[in-house]
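Reader: Can you walk me through this one? I have some quick questions.

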Amino acid sequence: MPKPGVFDFINKAKWDAWNALGNLPKETARQSYVDLVSSLSSSSTSSSQVKPGADRKQQEYENLVVTSEDGITKIMLNRPTKKNAINTQTYQEFILALKAASKDDSVLTVVTGNGDYYCSGNDLTIFNDITPGGIEEKVKNNIVILRNFVNSFIDFPKPLIAVVNGPAVGIAVTILGLFDAVYASDRATFHTPFSHLGLSPEGCSSYTFPKIMGPAKAIEMLIFGKKLTAGEACAQGLVTEVFPDSTFQKEVWARLKAYSELPANSMRISKQIIRNLEKEKLHAVNAEECTVLQERLLSDECINAAVNFLSRKAKL
């Protein structure tokens, strides 16, 4: 088996893992390697994955479940075996789901996750099978999708609420500054490990986080990668309210149901007044962040950090 190239992140992790298993008994090593490959595969499915239900289903999605009921459109990330990591298709589906939700007859829109995680951030398998000559085109295309994804949140006209049911990482955290309310379980955590991966902030967080929590706390998260508990995130203004996990779903959805009975046009107009003053600024920030991130993704520092990250994961 030839050694994978530097850009083939997943197979590089498998290669490193196989070499690291050399001193283990044969059967133990074989099983450990099989477990690793299974964990890195982007194609696995699980019986825990929610099948789209019959509640006024708007459109079929592979990685989302979108339903509308009682004046609430719910967009649920539905990749529980991947901790709801976001791949290219999920980004594209999210853009379509937000567009549809902006035009349907619901009063508000809710984003949440299926399973133990809210969202574990970007799925690094999106860079699998990239040849050295093809990485620039892949990065460029993904940056265009990311920019459109974030713009969909900036422009969303209705009240947009995050129901954070578990840990949130990366892009799932940075876009929270674009939501109108964030309700979290007390088992949720919030982590933006950009520097660890040689990356830079996105989701307008370079602008929204310092405004929300102050420059010092924002830098601690965005540059130094501090992971916040739900309580810490609430104290710093990123989260609206924290609920005990045992009663989280019941309490939050009772509140959302009450919100959905408020006058729809009044809420839309109020959001427009509050948000429109900064919409142009947010679009500019998003564009600048995406330009910088594209440069970072093509840097040796980022590539080496990604390879090291996957190698460490392979040895666990």
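Reader: Where does Asn165 sit?

Author: Asn165 is in the loop between β4 and β5. Strands here are DSSP runs of E with at least two residues, and helices are runs of H or I with at least four, numbered from the N terminus. Before we go on, this is a predicted model: local features need pLDDT of at least 70, side-chain atom pairs count only at pLDDT 80 or more, and totals for chains, interfaces and linings use all residues. Residues are numbered from 1 along each chain as its sequence is written, and side-chain values use heavy atoms, with hydrogens and water left out.

Reader: Good. Is Asn165 buried or exposed?

Author: Asn165 is buried, at a relative accessible area of 6%. Buried means under 20% relative accessible area, exposed over 50%, and partly exposed in between, with a 1.4 Å probe and protein chains only.

Reader: What does the side chain of Asn165 reach?

Author: The backbone oxygen of Tyr117, at 3.2 Å. For a polar contact, the cut-off is a pair of N or O atoms within 3.5 Å; within protein, one must be able to donate a hydrogen and the other to accept it, and residues adjacent in sequence count only if both atoms are side-chain atoms.

Reader: Back to β4. Why call β4 largely enclosed?

Author: Because 5 of the 5 residues of β4 are buried. Leu160, Ala162 and Val164 point one way, Ile161 and Val163 point the other way, and all are buried.

Reader: Which strands pair with β4?

Author: β3 (residues 108-113) runs parallel to β4, joined by 4 bridges. β6 also pairs with β4 (residues 160-164) in the parallel sense, over 4 bridges. Two strands pair if DSSP finds at least two bridges between them.

Reader: What stands opposite what there?

Author: Val111 is opposite Ala162 in β4. Ala162 in turn stands opposite Val182 in β6. Val164 has Ala184 of β6 as its bridge partner.

Reader: And β6, how many of its residues are buried?

Author: 5 of the 5 residues of β6 (residues 181-185) are buried, so the strand is largely enclosed by the rest of the structure. Both faces are covered: Ala181, Tyr183 and Ser185 on one side, Val182 and Ala184 on the other.

Reader: Which strand does β6 run parallel to over 3 bridges?

Author: β9 (residues 241-243). In β9, Glu241 is the bridge partner of Tyr183, and Val242 is the partner of Ala184.

Reader: What's the strand order in that sheet?

Author: β1-β2-β3-β4-β6-β9, an open sheet of 6 strands with mixed pairing. β1 (64-69) and β9 are at the edges with a single partner strand each, so one side of each has no neighbour in the sheet. From one strand to the next, the twist averages 20°. Axes for such angles are lines fitted to C-alpha atoms, and angles run from 0 to 180 degrees between N-to-C directions.

Reader: What about the sheet of 3 strands?

Author: That one is open too, in the order β5-β7-β8, with mixed pairing. Its edge strands, β5 (168-169) and β8 (228-229), each pair on one side only. β7 (residues 189-191) and β8 run antiparallel, joined by 2 bridges. Phe190 stands opposite Leu228 in β8.

Reader: Switching topic. How many cavities of 30 Å³ or more?

Author: 1, from a search of the whole structure. A cavity is a set of points on a 1 Å grid over the protein atoms alone where a 1.4 Å probe fits but cannot get out, and lining residues have an atom within 4 Å of a point. Points are joined across faces, edges and corners, and the volume is the space filled by probe spheres set on them.

Reader: What lines the largest cavity?

Author: Its lining includes Leu77, Phe94, Val111, Tyr118 and Cys119. The lining divides into 10 nonpolar residues, no polar and no charged. Ala, Val, Leu, Ile, Met, Phe, Trp, Tyr, Cys and Pro count as nonpolar, Asp, Glu, Lys and Arg as charged, and the others, Gly among them, as polar.

Reader: Last one. Where is Glu261?

Author: Glu261 lies in the loop between α9 (248-259) and α10 (264-297). Glu261 is exposed, at a relative accessible area of 58%. A polar contact of 2.7 Å joins its side chain to that of Lys257. Glu261 and Gly71 are 190 residues apart in sequence, and 7.6 Å apart in space, C-alpha to C-alpha.

Note on methods: 1 Å grid on protein atoms, 1.4 Å probe; cavity = no way out; pocket = protein on both sides within 12 Å on 5 of 7 lines; lining within 4 Å.
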